[in-house]
Amino acid sequence: MKRRAFLGLSAALAAAPALAGPATAAPRTGGLDTAALRRAVSGLPDDDATAALVRVGGTAGTWHGSGGVHDLASGRAADPHARFRAGSTTKVVTAATVLKLAAARRIDLDAPVQRHLPRLFRGTDFHRPISVRQLLNHTSGIRFADGWGDAFADQYAHRFDVVAPAEVAASALAKGPEFAPGTQQHYLNINYTLLGLLIEQLTGQAYADVATRLVLRPAGMRDTYFPGTDRTIHGPHNHGYQLVDGAFVDVTRWVQTDRQAAGDIISTTADLERLLVALFRGRIVPPRQLREMFTVPAGIDGATMSAGLQRIELGGRTYWGKTGSRYGYSAALAATRNLSRTLVYSVNATDAKGEEMNPVAERIVMAAVRTV
């Protein structure tokens, strides 16, 4: 997994390009650069994205906008309230679920995960204890899991395959440790796959049911759900595409069981904004445990990941957020700790798993962090 996220944007904040074309928006300004935001979602579809949905909020005002199309065949305007595959923003929900269970004394963050999942670790080379906290902040030393390969063609050929999270975890653990727990930080899905299995082991319930009850419902996220083996996005949604050799391949339908607690969620920009606000205001996780989400492990060079979030320096402010991507969809949520500025976007990126940040997403971020 890549951590390209919002990193490297600070130096480019003064260079957001302008694009021609219409965009729908519902602005309530008061310091936001709404002209730049409108430009950021205009001119779609293009080779980088077919649609974009944005919500910016905070003390400087609020702005909601959308651009692009619902689908390339009809060309009708993108639905601004659409559901989308939100990828690794799922980790925010998973982290909040674990921390809420910790507050209820159902999980000990310092306890070795091997104690709770002995069958998975039996016969592996993981002899040093890995704490639950080290899974949360990606310092476990567990290697990446097996997959279908990095090529889109390989992934697409297996897009409807159902893979159990326990199988994913076993393939990673069989490789042995990458480094001693707590000595480095390596952002990987496998840490949150194991957290999902831990939640199920300790509660006796399905991960999705526990996360829905403890986080989604208290946050008011009524348009958010875990699809499981269902390949369809239910409710209003804009199609996702991957650009392959000059042709747009529709990738809207996909099964993501191998991601589960690491990246399975389907959501909306409004719901992700609700999650941000509810979390940061302490409505979901009690203050003591919430500190874990704003604490990067000390003594590790280059560490930026906390429990479920990433520390990001943009425009002279510190933001805490998370990106997520699945083929056809790229999403992000971020906010300052005091919620003076919030941002949520979904971009129907045509190379959502690429090495570089999507240009449309980059324009959105650069416009959103400005104040005029």
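Hi everyone, this is a short walk through one protein chain, from its overall build to a few single residues.

Before we start, this is a predicted model, where local features need pLDDT of at least 70 and side-chain atom pairs count only at pLDDT 80 or more, while totals for chains, interfaces and linings use all residues. Residues are numbered from 1 along each chain as its sequence is written, and side-chain values use heavy atoms, with hydrogens and water left out.

Let's take the overall build. The protein chain has twelve helices and eleven strands; helices (H or I, at least four residues) and strands (E, at least two) are DSSP runs, numbered from the N terminus. Along the principal axes, the C-alpha atoms fill a box of roughly 60 × 45 × 35 Å. For 372 residues, a compact globule would have a radius of gyration near 21 Å, and the protein chain agrees with its 20 Å. That radius is taken over C-alpha atoms, and the globule rule is 2.2 Å times the number of residues to the power 0.38.

How much of the protein chain counts as buried? The figure is 58% of the 372 residues, with buried meaning under 20% relative accessible area, exposed over 50%, and partly exposed in between (1.4 Å probe, protein chains only). The accessible surface comes to about 14,800 Å², and 49% of that belongs to carbon and sulfur atoms; these areas come from the Shrake-Rupley method with a 1.4 Å probe, and for residues only the protein chains shown count as cover. As for contacts (heavy atoms within 4.5 Å), among those between residues at least 6 apart in sequence, 72% join residues at least 24 apart.

Now the inside. In soluble globular proteins, nonpolar side chains tend to be buried together. A nonpolar core here is a set of buried Ala, Val, Leu, Ile, Met, Phe, Trp, Tyr and Cys residues joined through side-chain atoms within 4.5 Å. The largest one has 73 residues, and Val93, Leu136, Ile142, Leu194, Leu279, Phe280 and Met293 touch the most other members. Elements that each supply at least two residues of this core include helix H2 (90-103), helix H8 (189-203), helix H10 (269-280) and strand S10 (329-336). H2 gives the most, with eight residues.

Do look at Leu194 on the screen. Leaving out residues up to four places away in sequence, Leu194 touches Leu117, Leu120, Leu135, Ile142 and Ala169. There is also a second, separate core of 29 residues, and among its members are Ala52, Leu343, Ala361 and Ile364.

On to the loops. Where is Ser340 found? Ser340 sits in the loop between S10 and strand S11 (341-349), and it is buried, with a relative accessible area of 17%. Not counting residues up to four places away in sequence, Ser340 touches Gly57, Gly58, Thr59 and Ala60. Ser340 and Ala60 are 280 residues apart along the chain, yet their C-alpha atoms are separated by 7.3 Å.

Some backbone details to finish. Leu44 and Pro45 are joined by a cis peptide bond, with omega about 10 degrees, and Pro45 is found in the loop between helix H1 (34-40) and strand S2 (49-58).

Which phi does Arg105 have? Phi of Arg105 is near 65 degrees, a positive value in a residue other than glycine. Arg105 lies in the loop between H2 and helix H3 (113-116), and is exposed, with a relative accessible area of 77%. Asp245 is not a glycine either, and has a positive phi of about 50 degrees. Asp245 is in the loop between strand S5 (241-244) and strand S6 (247-250), and is exposed at 80% relative accessible area.
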